Structure formats: C-alpha cells, structure tokens
Amino acid sequence: MTKKTSKLNQFFMALVFLFLYAPIFVLIVFSFNDSKSRTVWQGFTLDWYVELFRDREITSAIGTTLLVSLLATAIATVVGALAAVGFFNMKKRIRRPLMTVNNIPMTNADIVTGVSLCLLFVAFFGVWKDFAGWLNSMGFQLPTRLHMGFATLLIAHLTFDIPYVILSVMPKLRQMDKNLIDAAQDLGCTWMQAFWKVVLPEIRQGIVSGALIAFTMSVDDFVISYFTAGATTSTLAMVVYGMTKRRISPKINAVSSLLFVVVLTLLVIVNVREAKQEQKK
C-alpha cells in the first residue's frame, strides 16, 4: 500500500467518524447551552442537568432502567455462564443447533423480537385468566387479570442478555485445558469444587465481559422494552422517545449525553479488557 493510498484511507475514515459522531458532539455541547435554542449558543450552564434530576418522570425512568439492567445482568450472567458450561460439555452434533438457536436473539431484528414477546405475553395472560378462574372456582384466590409491567420487561431483557453472556464465555471454555477438571477430581475435588476452583477462574474474564455487554445492551434497549413494558413501566429510552413527541426540551440533550457517556464508558472497559487479554496471550 502506497503512502498516498494510506492517507486517502485515513481521510475517508475521518469522514466516517465525523458523520457518525458530529451530531452527538453537537448534542452534548448544546446540553450546556444557557438557552432553549438548539442552534444559537448563549453561554455555558449546568441548569439543564439540574432540572433533569428534578424531573420525577425522568428520575423514575432512570431508576427503572438501572434496576432492570442490573437484575437482568445478574441473572443473565449466572444463567449464561452455567449454560455455556453445559453447551461445552455436550456432543458437537447437539451443541451446534443449540448454539444456532442461542444466536437468533442477537441476529434477529429488535422489532420482531419485541412484537413476538408482546404477543407471547398476551397469549399467556389469556391462558392464565382461564386457568386462574378454574382454580378460583375450587376455592383458591388468584388474580385473573395480569398486565405487562416490570416482570415482563425483565423477562424480555433476559432473552437478549443471556445469549451475549454465553457467546462471551464459550471462547474461554475452548481455550481451557480439558484435562484440568479431571486432574482436579483425581486430586480429591468433587465436580462442584473443581468448577469453583478450576473452571470459574479460567472463564472469569469471559463472564465479566459478558456481564458488561449485557448491562450495556439493557441500558441501551428501546424497541423491545417499548413492546413489553406495558403502560405502567417506562425506561429512560422510552421517556426520551415520549419527550420528542412534545416540545423538545434541552433536558433531552442532557439525558442523551449522560446515556452516551455511560454506554461509551462500558464499551471502553470491555475493549480495554479484551486488549489486555490478547497481550497476555
């Protein structure tokens, strides 16, 4: 590759990054603008960030987003790590189709996943209504009408968080020496002790990377949450979307800036960890 071609490639790469990040940079800059104008700079202020945290709707949405993301990440990390170990110990002809099914939520369009989960919950609520009515006729007292809310939102987040954890842990299991578990058991460890003292330290980096990716995906999700949260629960992304339907406030700039910084920080942490792992190899 000639020097001229190299500079041309760098120029086009700079244009791509400018196209992608210039709007975000403008949004962040105007989140500090001492005016409601989105085009004219009239001075520096932090008032929009102060008003942001005084807005009960937004603070409630932030709390819901963090709670759902943390719970989904914790559950997905445990389930995904155990599932990855189970897949790894399966025969190849059984593991391949299961891994293909595991990858579907990551490659499937969010709109399809969101609508499918919404229809699934609605169908389940209909079946539950008939089942609860039958049990109540026998003397039980069960609610007959269920609604989408925090529980359905959490289940929806688990459906796309778990595959990312599995995909992060599986490479670590492949890199692990298969004889380590047998050696640990020969030395007197039970299978569970071998898992905690041998397998877990070997795959720990993959588990942490999967957990960070799962948390990032949960915080950033809008489409699937929109179809599964119901009318009583809202995430931060849903509130921002609702604010755009009304008169746009600079608080949206502040919310978007904070969300961008959080997601960018998590992605940087994931990439730095992966870079350090490659250097150790």
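**Surface, fold and the setting of Y164**

The protein chain exposes about 17,400 Å². Carbon and sulfur atoms supply 66% of that area. The model is predicted. Buried residues make up 36% of the 281 residues in the chain.

Charge was examined next. The protein chain carries 27 positive and 16 negative charges.

The secondary structure is helical: 11 helices and zero strands are assigned in the protein chain. In sequence order the pattern reads α-α-α-α-α-α-α-α-α-α-α. The radius of gyration is 24 Å, well over the 19 Å that the globule rule gives for 281 residues, so the protein chain is more spread out than a compact globule. Along the principal axes, the C-alpha atoms fill a box of roughly 75 × 70 × 30 Å.

Contacts were then sorted by sequence separation. Among contacts in the protein chain with a separation of 6 or more, 71% join residues 24 or more positions apart.

Y164 gives a local view of the chain. This residue sits in helix α6, which covers residues 150-175. Leaving aside residues up to four places away in sequence, Y164 touches M106, G210, I213 and M217. A further pair involves N102, which is 62 residues from Y164 along the chain. The C-alpha atoms of Y164 and N102 are separated by 8.9 Å.

Key: Residues are numbered from 1 along each chain as its sequence is written. This is a predicted model: local features need pLDDT of at least 70, side-chain atom pairs count only at pLDDT 80 or more; totals for chains, interfaces and linings use all residues. Side-chain values use heavy atoms; hydrogens and water are left out. Helices (H or I, at least four residues) and strands (E, at least two) are DSSP runs, numbered from the N terminus. The radius of gyration is taken over C-alpha atoms; the globule rule is 2.2 Å times the number of residues to the power 0.38. Buried means under 20% relative accessible area, exposed over 50%, partly exposed in between (1.4 Å probe, protein chains only). Contact means heavy atoms within 4.5 Å. Accessible areas come from the Shrake-Rupley method with a 1.4 Å probe; for residues, only the protein chains shown count as cover. Lys and Arg count as positive and Asp and Glu as negative; His and the chain ends are not counted. The place of a charge is taken as NZ of Lys, CZ of Arg, CG of Asp or CD of Glu.
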